[in-house]
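Let's take a walk through this one together, strand by strand and then chain by chain. Keep the viewer open as you read.

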Amino acid sequence: MTQLALVIDLNVCVGCSACVTSCKEWNTSGSAGPLCDENPYGLNPTGTFFNRVQTFEIGQYPNSETLHFPKSCLHCEDPPCVPVCPTGASYKRKEDGIVLVDYDKCIGCKYCTWACPYGAREFDEQAKVMKKCTLCVDRIYDESMAEADRKPSCVKACPTSARLFGDIHDPESEVSQAIREDGGYALMPEWGTHPANHYLPRRKTKLKIHQDELERADNPLKVDGQQPKPGKGESSMDDVSAW
Amino acid sequence: MKPAFSVIFLTTLIGAAQGLFLALFTHQSYALFGLLPMQSDAFYGYGSVLALLLLVGGLIASFFHLGRPERAWRSATKWRTSWLSREVIVLPAFMGVVFLFGLSHLTGYRPEVVSLPGGLIVDLSTVLGVIGTMLAFALFICTAMIYACLRFLREWHSPLTVINYILMGGASGFVLAAFYSASAAPDQADFFAGWAIIITMLAFAGRWASLVRNARLKPKSTLQTAIGIKHPHIVQRSMGAMGGTFNTREFFHGKSAAFMRAIKPAFLILTFVLPLALLALGILTPGLLALAFIIQYLGLLAERWFFFAQANHPQNLYYQTIG
């Protein structure tokens, strides 16, 4: 069984929001109609987005770090939003595990948002239906596009390749390897929703040098820094004199 | 959560209607066994009309909750998994039975269905009453389970939610029945007022228990589990929106802590303490029963507001700072 998902590398994300704008651009232009914006140039702009980049400060100044945290629907393997839907408008596709809303069946009761612990769904105040990330289901299977373009819009837009896309049930896929080898984790594991999307943690690359790596095994005097020091004017030889 | 007035009116109005129907049929059952004098058909019939009016009011209120009310019929399809869908089926079914129960009394069409040994005659209205009673309880369970089934809204995820919906709906229905009978069948008012006192006291205990339980809850989700970073000091600097979003509008009640502190004793007094006092006095002065129902209904509106506002959704962890 296939479970398509995003893996987001927090170590690489710089918080540029290119994924946010690219997502909005693609998904507001599709056949499902626009993602509404209200008051876009006013004091309190608001609108429907599938993807947002949030920013957190970890620690206290001066020992603090900024974390940029892209957040969209996690396409849970056991999505709590689906069984509560009274109309069946919310559903999880068997063939690829994408959680979708049928905008023509949704009655706008918002019960699914109550059942989602992640706040991943946003109500469209003009269409009066619930909307959410589709994992660009209208891109990834579109054979009129070049194969390299058949990825979610956010993935294509990311300038640092912080977003990986693939099947997390295929152990050889890029996303499965990233989760396995780089410590991929799920959000709020305590609710047993088994989110398909995973995050790769912030990690620091540290260079560890042992003492024996500083000393040369082939040092003829066996003591570093004790080579003969010929006078500055005299001729010297590499590996034999101190300079 | 942000309390939606459509849902507050829906749950309180149909709760009172269910309670009223249960009260009427309880009386009819007592009378069937000769424990109370059987009242006229008009008493049960017009009582059912009153219950039906409340149910229609609740149903109308519920439509204001929908973004696309014209598609509401679709919501009956997923009854296998969704308590909301089950409620959508049980509510009209209950309304239908209340209508038929009232009709059976008002037209006097009560053919004998079965005659029990000992000369007890079970007529059509009794059969409808039994079906209606089962549907009334089913509707209480469906309504409450809509909230109680959401496991991460921990203030709601408790059997007390179901118990309290039954008890509070029952209490307001019996208080209304006491008021109704004070004008329609004054000699029966004590029966309804007595039960109203008992159920209101039970509801008081149940609601108090849920307040105690909720005060002790510790959140399971934290900012640490929400973003998966182990650090004791994490502060959100931006939620990724320059203004509010659906997530800030739907899940925060937007009232001050002082307001929340004030509304709790207010609804306890209005829903339980004052009606209990008025019911006790009302046994002597029936006029107070009307006041008891109105005050308790206002209290229930406040109670339901608090019920929604108190539920702290884990998604709020992601939406703390606009910027």
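Start with strand β1 of chain A, residues 4–9, which runs parallel to β11(A) and is joined to it by three bridges. Within that pairing, A:I8 stands opposite A:Y199 of β11(A). Keep in mind that you're looking at a predicted model.

Now widen the view a bit. β1 and β11 belong to an open sheet of three strands in chain A, in the order β10-β1-β11, and the pairing is mixed. The edges are β10 (163–167) and β11 (198–200) of chain A, each of which pairs on one side only. If you look at how the strands sit against each other, neighbours in this sheet are turned by 25° on average, ignoring direction. There's a helix to find here too: α6 of chain A, residues 174–181, lies across β1, β10 and β11 of chain A and runs at about 115° to β10(A).

Chain A also has a strand that reaches across to its partner chain. Strand β4 of chain A (residues 51–60) is joined to β3(B) by four bridges, and the two run antiparallel.

How many residues does each chain put in? The contact takes 47 from chain B and 47 from chain A. On the chain B side, the elements that give two or more residues are α3 (83–107), α7 (223–227), β3 (234–238) and α8 (246–251). β3(B) gives the most, with five residues. Sorted by class, this side of chain B has 19 nonpolar, 20 polar and eight charged residues.

Take the contacts in chain B between residues at least 6 apart in sequence: 76% of them join residues at least 24 apart.

What about the inside? Of the 323 residues of chain B, 47% count as buried. In soluble globular proteins, nonpolar side chains tend to be buried together. Here, the largest nonpolar core has 152 residues, and the members that touch the most others are B:L20, B:F174, B:V175, B:A178, B:F192 and B:A196. α5(B) supplies the largest share of this core, 15 residues. For a closer look, pick B:F192: leaving aside neighbours within four places in sequence, B:F192 is in contact with B:A23, B:F174, B:A177, B:A178 and B:S181.

Last stop: B:S158, which you'll find in the loop between α4 (124–148) and α5 (159–184) of chain B. Why does B:S158 count as partly exposed? Because B:S158 has 17 C-beta neighbours inside 10 Å, and the partly exposed class falls between 12 or fewer (exposed) and 20 or more (buried). Not counting residues up to four places away in sequence, B:S158 touches B:A148, B:S210 and B:R213. One of those, B:S210, is 52 residues away in sequence, yet its C-alpha lies 8.4 Å from the C-alpha of B:S158.

How values were computed. Residues numbered from 1 in each chain as written. Chains lettered and ligands numbered in written order. Predicted model: local features only at pLDDT ≥ 70, side-chain atom pairs only at ≥ 80, totals over all residues. Contact = placed C-beta atoms within 7 Å. Nonpolar A, V, L, I, M, F, W, Y, C, P; charged D, E, K, R; others polar. Pairing = 2+ DSSP bridges. Axes fitted to C-alpha atoms, helices over the stretch in contact; angles between N-to-C directions. Core = buried A, V, L, I, M, F, W, Y, C linked by C-beta atoms within 7 Å.
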